[in-house]
Amino acid sequence: MRRTRTLRKAGARTTGPRKAAVAATVLAVAAATTAVPALTERGARQAAALTPPVAMTADTLPTWQTNGVVWAMAQSNGTVFAGGTFSAIRPPGAEPGAKEREAVNFAAFDAATGEPTDCRLNFTVGSGTATVRALTVSPDGKTLYAGGNFAAVNGTNASRVAAIDLPSCKVESGFQLTVSAPVHALAATDDTVYLGGDFTTVEGEKRAKFAAVSTEGQLKSWKADADKAGRAVEVTPDGKSVVLGGDFEQVRGADSHALAVVDASSGALRKSYPNRFVPRNSVVKGLYVDETGIYTGNEGTGGGVFDGRIALDLDDFEQRWRDTCLGATQDLTVYKGVLYSSSHAHNCESMGQFPELHERQHLLAESVDDPTPLLSWFPDTDDGPLNVEQVGPRAMVVSSGGGKDYMWVGGAFTRITSDGNRPQQGLVRFANGPDTGAPSVPDGVKAANTTKGVRVSWPASTDLDDRKLTYRVYRNGGGEPVGTVTADSTFWERPTVAFTDTSAKPGTDYSYRITASDADDTNTSARSEAATVTTPGTPTETTLEREATADAYVNGAAVNATYGTHQQLAVRGSSPYIGYVRFDVPSPPSGMVLEEATLTVTTSSEPSAASGDTVDVVPVTGSWSEKEVTWAKRPAVGETPLGGLDGAADVRTDYDVPLRAGAVREAAGDTLDLALTSLGSDSLWLWARESGGTGPKLTLTYRKP
């Protein structure tokens with residue numbers, strides 16, 4: 001529990017500004033209001049805070065980066081493998097060229113930490129550009145198969161396909177094949193490895209675009225000859241069929257553009273897709289197959305293209321559904337009944353979803369049963385640098401480690417646009433919990449008088465992995481909301497949410513601020529900017545907010561240092577810090593008396609900002625200035641606290657400290673100078689007024705006697 005040491009509990013509101021979502025048309029629909037509950041206490045239990053069936057958060061985790069494109073990914077026993085066209089990897093946050101470690105077209109990472117493992121393989125070629133375009137792992141998790149355009153792996157000859165013993169991270173020298181052109185796709189069973197690509201021969205024998213070899217590297221008689229490139233290959237869960245995707249027009253001489261199902265033993269055609277099932281100007285770039293079905297990722301060129309996804313049933317290979325979003329799909333994966341995809345979707349209006357964005361949303365989620373509505377999971381990357389085909393993410397894989405599941409995404413991107421446009425190249429990952437991202441701070445708040453009271457309205461906020469949000473309306477800086485509203489929203493559809501304050505009193509100045517919370521109030525935004533209104537009639541009460549006019553802290557370990565321009569205030573007893581705050585206190589409105597005074601402070605976003613120690617708010621009796629105050633020249637303070645906090649347990653959180661109103665009354669028409677002190681050793685870091693809108697605030701409530 002978070003308590004003050006004076007009159008009542010100190011309200012705490014978790015804050016966490018997030019990137020504002022893409023602005024779209026605001027629909028004017030009113031949301032229903034509910035009874036006002038007490039603020040949810042955090043820490044009692046860990047909530048998922050996700051809108052079902054989504055089970056993967058949209059919060060990005062620290063992950064090592066590449067200096068080029070990741071084309072393919074695979075995983076085994078908590079290790080994620082990334083292949084592509086790059087020469088080095090570097091830590092999260094490192095600038096290009098800084099702290100790099102050589103990794104020639106391949107790297108292996110711990111799924112849970114995002115850090116590289118000791119498995120290092122360099123894929124090289126004598127002339128031209130070496131690249132890894134396909135990765136898959138054997139069912140027993142012991143062998144990694146790699147395909148692409150390369151001639152050697154760690155110096156061992158390997159003609160465009162290789163097998164790696166994972167326990168030793170060494171090339172299996174007995175797996176030697178000669179493939180005539182690059183390999184784009186791989187799938188493995190207990191005894192067979194299926195290849196797809198640009199090749200026409202394997203081991204000197206004709207194999208047009210698709211082939212099968214034994215796990216020892218012996219070419220099999222299996223043939224599924226196609227006339228154009230193979231881009232994807234997957235085996236059905238029963239092991240009886242192989243699904244093919246690519247650019248082709250024919251398979252085994254039959255009309256089956258871009259997609260086909262063949263027999264796993266012979267390559268004989270089991271299901272063709274003629275008659276423009278996949279439009280002629282579209283191809284299949286990615287496939288995912290599991291017990292829930294077969295899923296295709298499609299890319300089109302020109303007008304009237306098909307760029308979306310198709311779901312096929314396993315029993316008859318017929319279409320279950322298709323979505324028609326525009327923006328080429330590169331890869332897919334399924335996690336707990338949700339199909340996640342990487343694309344550069346920019347228009348899903350044909351599905352009743354977002355209209356033309358004139359920009360791109362690179363990651364989407366859909367139920368495996370129905371592509372509409374798009375599910376609330378909208379992390380996003382950029383397209384990537386100008387020197388590559390700008391489609392952003394290229395590959396996806398889910399791996400487990402440390403008791404959690406992680407979704408890894410690889411591609412050509414260089415920034416995570418959904419995370420403040422944070423630099424991050426080639427790789428990013430997400431986890432199945434906990435959700436730590438708050439909704440966007442409500443904006444555009446309006447307050448207007450009506451016959452029933454004060455109507456407060458605002459456009460709905462957005463959250464990257466939650467559709468239904470809860471809004472709390474705070475009046476005059478109070479610690480408890482006067483109203484609670486729920487509403488659904490997405491980044492392209494932000495309805496107007498409204499609440500009517502029927503308890504507003506006549507002739508009174510009111511200010512209203514809004515917070516937005518996700519499921520179970522796990523994450524809550526900062527309070528919005530205030531909307532103000534004066535109700536008609538003769539006033540009986542008024543509340544005023546004042547921001548600090550000066551603040552600073554002093555440091556007992558640097559007795560002559562000044563910290564008046566810093567964006568944070570510090571409080572600690574041992575190795576001491578003392579924080580100082582000054583407010584201008586107005587004279588009371590005519591005929592009114594100050595009845596309540598509340599100091600609001602906000603813990604900063606530093607991981608160590610929170611503190612479990614008691615903090616006292618005491619009056620400053622000596623003089624000080626923001627620019628000059630130091631430990632050596634600190635002002636005298638009073639002995640009797642005006643209020644206090646019994647700990648501040650959360651970062652990015654507002655804490656309300658009720659102050660003794662009588663002591664604040666004495667400062668009317670003058671300044672109120674306060675010091676924040678502690679006897680403990682756990683430092684508390686608060687936003688200062690220089691942080692921009694999140695510094696200390698004083699709320700004063702006046703009433704007629």
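Mentor: Two points come before the answer. This is a predicted model, in which local features need pLDDT of at least 70 and side-chain atom pairs count only at pLDDT 80 or more, while totals for chains, interfaces and linings use all residues. Residues are numbered from 1 along each chain as its sequence is written, and side-chain values use heavy atoms, with hydrogens and water left out.

Asn105 is in the loop that runs between E7 and strand E8 (106–110). Strands (E, at least two residues) are DSSP runs numbered from the N terminus. The backbone at Asn105 has a phi near 70 degrees, which is positive although the residue is not glycine. With a relative accessibility of 5%, Asn105 counts as buried; buried is under 20% relative accessible area, exposed is over 50%, and partly exposed lies in between (1.4 Å probe, protein chains only).

A second residue with positive phi gives a contrast. Arg276 is not a glycine either, and its phi is about 60 degrees. Its place is the loop between strand E26 (269–272) and strand E27 (282–290). Arg276 has 59% relative accessibility and therefore counts as exposed.

E7 belongs to an open sheet of 3 strands, ordered E3-E6-E7, with antiparallel pairing. Two strands pair if DSSP finds at least two bridges between them. Strand E3 (65–66) and strand E7 (101–102) are the edges, and each has a single partner strand, so one side of each has no neighbour in the sheet. Between E3 and strand E6 (residues 88–90) the antiparallel pairing covers 2 bridges. One detail of the sheet is that Gln65 has Arg90, in E6, as its bridge partner.

Next, the aromatic residues. Phe106 belongs to one aromatic cluster together with Phe81, Phe123 and Phe150. Rings of Phe, Tyr and Trp (its six-membered ring) pair if their centres lie within 6.5 Å; planes under 30 degrees apart are stacked, over 60 edge-to-face, and the rest tilted. The count by this rule is 22 aromatic pairs. For Phe123 and Phe150, the ring centres are 4.9 Å apart and the planes stand at 75 degrees, so this pair is edge-to-face. Phe123 is part of strand E9 (residues 123–124), whereas Phe150 is in the loop between strand E11 (143–149) and strand E12 (152–153), so the pair ties together parts 27 residues apart in sequence. Phe123 and Phe150 are both buried.

Another edge-to-face pair is formed by Tyr194 and Trp222, at 5.1 Å centre to centre and with 70 degrees between the planes. This pair also links distant parts of the chain: Tyr194 is in strand E17 (residues 192–197), and Trp222 is in the loop between strand E20 (210–214) and strand E21 (230–235), 28 residues away. Tyr194 and Trp222 are both buried.

Val179 is in the loop between strand E15 (170–171) and strand E16 (183–188), and its relative accessibility of 1% makes it buried. Contact here means heavy atoms within 4.5 Å. Apart from neighbours within four places in sequence, Val179 contacts Ser159, Arg160, Val161, Leu195, Phe199, Thr201 and Val202. Ser282, by comparison, is 103 residues from Val179 in sequence and 27 Å from it in space, C-alpha to C-alpha.

Ser489 sits in the loop between strand E42 (483–488) and strand E43 (496–501), where 4% relative accessibility makes it buried. Beyond its neighbours within four places in sequence, the residues in contact with Ser489 include Ala460, Asp466, Tyr471 and Pro495. Glu626 occupies the loop between strand E51 (611–619) and strand E52 (643–648) and is buried at 14%. With residues up to four places away in sequence set aside, Glu626 touches Ala550, Asp551, Ala552, Gly564, Arg689 and Glu690.

Two further loops have a cis peptide bond. Thr372 and Pro373 are joined by one, with omega about -5 degrees, and Pro373 lies between strand E33 (361–367) and strand E34 (393–401). Gly433 and Pro434 are likewise joined by a cis bond, with omega about -5 degrees; Pro434 is in the loop between strand E38 (427–431) and strand E39 (446–450).

Technical notes: Helices (H or I, at least four residues) and strands (E, at least two) are DSSP runs, numbered from the N terminus.
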